[in-house]
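Visitor: I'd like to learn how to read features off a model like this one. Could you take me through a few?

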Amino acid sequence: DRVGVKVPLHMMQSNGGIISWREATEMPCRVVESGPAAGVIAAAHFGKLAGRTNIISFDMGGTTAKAGLIENGEVRQSAGQELGAGINISRILQGGGYFVGAATVDLAEVGAGGGSIAWLDTGGVLKVGPQSAGADPGPIAYGLGGGQVTVTDANLLLGRVPVEYFLGGEMRLDLEKARRTVEAQLAKPLNITVEQACAAVIEVANASMLKMLRIVTVEKGCDPADFAMVAFGGNGPVHGIELAGDLGIHEVIVPPAPGLLSAQGLLVADIRYDFRQTHVAPVMGGDIDAVERLFQALESRGRQALQGYGLADDTIAFLRSADMRYHRQAYEINVRLQDGALDTSHQASIAETFHQVHERLYGRRDKAGVIQFVTLCVTAVGNTRRLAHQPLAQGDGSAKNALKSSHPVFFRDTGMTECSCYDRVLLRVGDTLSGPALIEAADSTTVIPPGWTMRCDAIGNLMITRERPLP
């Protein structure tokens, strides 16, 4: 009431939808990964505005990096999540962590962020994270008492983040202290220069994030080259384009205000409920009418839940899927099913879809195998109003009005290279530029390596593409 907001309070769920705060407090397990989920929803939204439906969401903040996948416009979901750093099944069974069986956006996460600490193990090998300096005391360059080298210190010393425009120019940085500490903690023990030590920190951090990105793509049977990356978070645009190049991705989208993108995800999310019903039965030769009746019952529950928000029927949609397996398998695969009522004419196509998904994930199909439904799933979606994005003014195509200055910046392939710096606020529709370049903003810096070009679209997305094909 104090700020004039007259709508009821809602909360983001781990599945990327919103529910009333009252329901969230009754079932808090639904909101455990709500922040990262909001980022993926926002990535899908801005990707769609740019005309892209296959998206890799890359969110790098101060302590962690997270990745999700949007395929054919749909955010990949998981039936549950493991809570706790480094948790695996054996640790869960031994009481070392918790598995929460609530629907969630399928995320991979690694302890690599701007505040991640670089350190040498007992064998003298450089490691980055998972320990983090956080925001207070933060990186050494902040001058707040931090005493361990971080990824942000490395980026600052390599010119990849502009010192004079850090936090929009409101924060003074102590680069000399950062340089002395890098020399004492890393460069001298490794017998290399400060610049080489900083470059190594960036490479190690990137290697960790590259593994994470492969988990949500290659290990799930997807070719990264078929996707565009949406890079966001305070550090996503700093590292994203280099990571995209390593993965074979040809296009990176940096949305407006990337440091605030997860918050924007809260404003574009739909109301969403997930309902599940165990039903173990064969696909071929089974009672498909019984399956249809169970789906209708789940949809009825979903409609009732959404009507409680005052939503009209024409704003409600249902997404059907099923957890399926070959008979005697110890794991299931979630398979998206077609819209509309099911009958015997659909059984063969459902079986073939399962074969295709299994082959994509595991490289084989069992043509003679008996395919089973295990769990029937319905997602009830209540469409909400979307954010209205103010279009930018038309530019002259050169981006010359946004050019600020130039200074040396380190790039892996060219070393320290003179690099033009641009003010993102001054970019206009159709403005283009070629790397190497830095595009500076108060919330994040976009690092464009040599060999990439940038075009600013109608709402301010930076559309960054390769100038030349992969060798």
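Visitor: Which residues is Thr379 in contact with, leaving aside its neighbours within four places in sequence?
Guide: Contact here means heavy atoms within 4.5 Å. With that cut-off, and neighbours within four places in sequence set aside, Thr379 is in contact with Arg272, Tyr273, Asp274, Ala317, Phe318 and Leu319. Before going on: this is a predicted model, where local features need pLDDT of at least 70 and side-chain atom pairs count only at pLDDT 80 or more, while totals for chains, interfaces and linings use all residues. Residues are numbered from 1 along each chain as its sequence is written, and side-chain values use heavy atoms, with hydrogens and water left out.

Visitor: Where does Thr379 lie, and is Thr379 buried or exposed?
Guide: Thr379 lies in strand β18; helices (H or I, at least four residues) and strands (E, at least two) are DSSP runs, numbered from the N terminus. For burial, the scale is relative accessible area: buried is under 20%, exposed over 50%, partly exposed in between (1.4 Å probe, protein chains only). Thr379 comes out at 9%, so Thr379 counts as buried.

Visitor: What joins the side chains of Thr379 and Asp274?
Guide: A polar contact of 2.7 Å. The term covers a pair of N or O atoms within 3.5 Å; within protein, one must be able to donate a hydrogen and the other to accept it, and residues adjacent in sequence count only if both atoms are side-chain atoms. Now try Ser321, in strand β16. Its side chain makes a polar contact of 3.1 Å with the side chain of Asn334. Ser321 has 11% relative accessibility and therefore counts as buried. Leaving out residues up to four places away in sequence, Ser321 touches Phe295, Asn334, Val335, Arg336, Leu337, Thr375, Leu376 and Cys377.

Visitor: On to charges. How many salt bridges are there?
Guide: The rule asks for a side-chain nitrogen of Lys or Arg within 4 Å of a carboxyl oxygen of Asp or Glu. By that rule the count is 17. One of them pairs Glu242 with Arg160, with the closest N and O atoms 3.2 Å apart. That pair links distant parts of the chain, 82 residues apart: Glu242 sits in helix α7, Arg160 in the loop between α4 (151–157) and α5 (175–190). Both Glu242 and Arg160 are buried.

Visitor: Which residue forms a salt bridge with Glu299?
Guide: Arg320, the closest N and O atoms being 2.7 Å apart. Here Glu299 is in helix α9 (residues 288–307) and Arg320 in strand β16 (residues 316–326), 21 residues apart. Both Glu299 and Arg320 are buried.
Then look at Glu352 and Arg365, a salt bridge whose closest N and O atoms are 3.1 Å apart. Glu352 lies in helix α10 (residues 347–362) and Arg365 in the loop between α10 and β18 (371–382), so the pair ties together parts 13 residues apart in sequence. Glu352 is partly exposed at 30% relative accessibility, and Arg365 is partly exposed too, with a relative accessible area of 25%. Salt bridges that share partners also join Glu74, Arg336 and Asp339 into one network.

Visitor: Which peptide bonds are cis?
Guide: One joins Asp136 and Pro137, with omega about 15°; Pro137 is in the loop between β12 (126–132) and α4. Another runs from Gly435 to Pro436, with omega near 10°, and Pro436 lies in the loop between β21 (432–434) and β22 (437–440).
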